[in-house]
Amino acid sequence: MKPLLDAAYRTAYRLSGNAGDAEDLVQEAALLAWRGYGSFEAGTNFRAWFFRILTNAFYSRYRRTRREGQAVELEEVPELYLWRQSSAAGLNDVLQDPATALLARLEGEEVNAAIAALPEEYRVVAALYFVDDLPYQEIADTLGVPIGTVRSRLHRARRQLQRALWETAVERGLVPARPAGEVRGD
Amino acid sequence: MTDSLTCRQAFDRLEDFLDRELAAEETILVRAHLEVCAQCAAEFHFEQRLLDGVRARLARIQVPADLAERIGRALEQAGNT
């Protein structure tokens, strides 16, 4: 049970943004699971069931106006955004592993902030994906949405995250700023 | 499907490939393309390293050592009420 609770805590931390709320969320989910264990179908995925309780607890605590089917649309970010920015800045020519080098220049909290800044629909999927490395189907089962929804939200969340990471690096002067027009969007 | 992929076809499978969501036969096709296309191989490698790096950063959250015990106590208290 400990690995499950630890994984749930890390996800709850990503969802809520702080340690106190993360522990409260996991505790609430554990209580709800304990009381509602009769609704768990033997032979199905217990982890997905527990994480569904956790994410629902998050929604009921922090989401005041949840409306299914009204996902926020993110602005489209060109594919390979970070690769292309890094290439335009000349980093790909001089660094053997530019992605790792770029991340190494950023503080952990800056990566956290980039995820935290995602709209809620995308942040929840990103938390389950990046923190727990869950397969798409398990994320879909956890959230009770079609696998295609998981795929499309992740697709946009990844690109948004790439742009946020690059902009943070530029703001901090870690990489040279380039005019946005220099990044191809094809 | 043909027995080899164009760069665009390979790229369209990038995310599923990185996430191990591609069918086995498609995974083989992507791997075959990456072996002969240095540009796509570099892009795929960049995306893989970025994904690994973000995951590593996010995994650093410290879980309270006594989390399970505290939750266990909370469940016991709830059971007594």
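Q: What makes a pair of side chains a salt bridge here, and how many are there over all chains?
A: A salt bridge is a side-chain nitrogen of Lys or Arg within 4 Å of a carboxyl oxygen of Asp or Glu. By this rule the count over all chains comes to 16. The model is a predicted one.

Q: Why is the pair E79(A) and R159(A) called a salt bridge?
A: The N to O distance between the two side chains is 3.9 Å, and the rule asks for a distance within 4 Å, so the pair qualifies. E79(A) sits in the loop between helix 3 and helix 4 of chain A, and R159(A) in helix 10 of chain A, 80 residues apart. The pair thus links distant parts of the chain.

Q: Are E79(A) and R159(A) buried or exposed, and what else are they linked to?
A: Both E79(A) and R159(A) are buried. They belong to a network of salt bridges that also takes in E76(A), R156(A), R8(B) and D12(B).

Q: What makes the salt bridge of D97(A) and R49(B) a link between two chains?
A: The closest N and O atoms of D97(A) and R49(B) are 2.8 Å apart. D97(A) lies in the loop between helix 5 (91-94) and helix 6 of chain A, while R49(B) lies in helix 4 (residues 38-58) of chain B, so the pair joins two chains.

Q: Why does R49(B) count as partly exposed?
A: Its relative accessibility is 30%. Buried means under 20% and exposed over 50%, so a value in between is called partly exposed.

Q: Why are D19(B) and R158(A) both called buried?
A: D19(B) has a relative accessible area of 9%, and R158(A) also has 9%. Buried means under 20%, so both values fall within that class.

Q: How do you know how much area is buried between chain A and chain B?
A: The computed figure is about 3700 Å², with carbon and sulfur atoms giving 63% of it. In contact are 44 residues of chain A and 35 residues of chain B. Across this interface the rule finds 6 salt bridges and 17 residue pairs in polar contact. The chain A side divides into 24 nonpolar, 8 polar and 12 charged residues.

Q: What makes chain A a chain of two domains?
A: The domain assignment gives domain 1 (2-63) and domain 2 (81-171). Their C-alpha centres lie 23 Å apart. About 1400 Å² is buried between domain 1 and domain 2 of chain A, 53% of it on carbon and sulfur atoms.

Q: Which salt bridge crosses between these domains, and which helix gives the largest share of the domain 1 side?
A: The rule finds 1 salt bridge across the interface of domain 1 and domain 2 of chain A. The side chains of R47(A) and E138(A) meet in a salt bridge at 3.6 Å, N to O. Helix 1 (2-16) and helix 3 (46-62) of chain A each supply at least two residues of the domain 1 side. The largest share, 7 residues, comes from helix 3 of chain A.

Q: Why does T55(A) count as buried?
A: T55(A) has 1% relative accessibility, and the class takes values under 20%, so it is buried. T55(A) is in helix 3 of chain A. Leaving out residues up to four places away in sequence, T55(A) touches L15(A), V124(A), T142(A) and L143(A). A polar atom of its side chain lies 3.1 Å from the backbone oxygen of R52(A).

Q: What makes the phi values of L80(A) and R20(B) worth a remark?
A: Most residues other than glycine have a negative phi. Phi of L80(A) is near 55°, and phi of R20(B) is near 60°, both positive values in residues other than glycine. L80(A) is buried at 6% relative accessible area, whereas R20(B) is exposed at 61%.

Technical notes: Residues are numbered from 1 along each chain as its sequence is written. Chains are lettered from A and ligands numbered from 1 in the order in which they are written. This is a predicted model: local features need pLDDT of at least 70, side-chain atom pairs count only at pLDDT 80 or more; totals for chains, interfaces and linings use all residues. Side-chain values use heavy atoms; hydrogens and water are left out. Domain bounds come from an automatic or database domain assignment. Buried area is the accessible area (1.4 Å probe) that two parts lose on being put together, summed over both. Helices (H or I, at least four residues) and strands (E, at least two) are DSSP runs, numbered from the N terminus. Contact means heavy atoms within 4.5 Å. A polar contact is a pair of N or O atoms within 3.5 Å; within protein, one must be able to donate a hydrogen and the other to accept it, and residues adjacent in sequence count only if both atoms are side-chain atoms. Ala, Val, Leu, Ile, Met, Phe, Trp, Tyr, Cys and Pro count as nonpolar, Asp, Glu, Lys and Arg as charged, and the others, Gly among them, as polar. Buried means under 20% relative accessible area, exposed over 50%, partly exposed in between (1.4 Å probe, protein chains only).
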